[in-house]
Amino acid sequence: MADLSYTALFGDGEHTFLLTKPMIAELEAKCGPIGAIANRLFARNFAQTDLSETIRLSLVGGGVTPKRAHELIIAYVDGRPLIETYELAARILERALFGNPNETTNG
């Protein structure tokens, strides 16, 4: 099975980010189809909500409580330059769309 999670230093420490099916559904309800979100991010034609919701929901998918994920967004995303979280959101979406590029498959 493909590893769709991404682990990175964010805010207060290392976190696992994972867009599970329920988190993708919530992201799409807030920001539109995941393909459109990815296209906007990769073209650098994104909305701030694309970044913050991608990160927040993938924190929840990675095991952080919704309350803690919200606190992390307030502390380390809101009010910060967008470029600081752009790369993280783009990598989360890359992993959700394409899996781990370093992973080998049998088949």
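The following dialogue examines how the terms applied to this predicted model rest on its computed values.

User: What conventions apply to the model?

Analyst: This is a predicted model, in which local features need pLDDT of at least 70 and side-chain atom pairs count only at pLDDT 80 or more, while totals for chains, interfaces and linings use all residues. Residues are numbered from 1 along each chain as its sequence is written, and side-chain values use heavy atoms, with hydrogens and water left out.

User: What makes up the secondary structure of the protein?

Analyst: The protein has five helices and two strands, in the order β-β-α-α-α-α-α along the sequence. These elements are DSSP runs numbered from the N terminus: helices are H or I with at least four residues, and strands are E with at least two.

User: Why is the protein called as compact as a globular protein of its length?

Analyst: The radius of gyration, taken over C-alpha atoms, is set against the globule rule of 2.2 Å times the number of residues to the power 0.38. The protein has a radius of gyration of 13 Å and the rule gives 13 Å for 107 residues, so the protein is as compact as a globular protein of that length. The C-alpha trace spans about 45 × 30 × 25 Å along its principal axes.

User: How do you know that strands S1 and S2 pair?

Analyst: Two strands pair if DSSP finds at least two bridges between them. S1 (residues 6-10) and S2 (residues 13-17) have five bridges in the antiparallel sense, with Ala 8 opposite His 15 in S2. The two strands form a hairpin with two residues between them, and Gly 11 in the turn has a positive phi of about 65°.

User: Why is the pair of Phe 10 and Phe 17 called edge-to-face?

Analyst: Rings of Phe, Tyr and Trp (its six-membered ring) pair if their centres lie within 6.5 Å; planes under 30 degrees apart count as stacked, over 60 as edge-to-face and the rest as tilted. The search of the whole structure finds three aromatic pairs. In the pair of Phe 10 and Phe 17 the centres are 5.9 Å apart and the planes stand at 80°, which gives the edge-to-face label. Together with Tyr 76, Phe 10 and Phe 17 form one aromatic cluster.

User: Why are the rings of Phe 46 and Tyr 86 called stacked?

Analyst: Their centres are 5.3 Å apart and their planes lie at 25°, so the pair is stacked. Phe 46 belongs to the loop between helix H2 (34-42) and helix H3 (48-61), and Tyr 86 to helix H5 (residues 83-98), so the pair ties together parts that are 40 residues apart in sequence.

User: How do you know that the buried residues of helix H4 lie on the same side?

Analyst: In H4 (residues 66-76) the buried residues are Ala 69, Leu 72 and Ile 73. They cover an arc of only 100° around the axis, which puts them on the same side of H4; the arc is that of the directions from the helix axis to the C-beta atoms. Their cover includes S1, S2 and H3.

User: What is in contact with Leu 82, and where does this residue lie?

Analyst: Leu 82 lies in the loop between H4 and H5. With neighbours within four places in sequence left aside, Leu 82 is in contact (heavy atoms within 4.5 Å) with Phe 46, Gln 48 and Leu 51.

Definitions and conventions
Buried means under 20% relative accessible area, exposed over 50%, partly exposed in between (1.4 Å probe, protein chains only).
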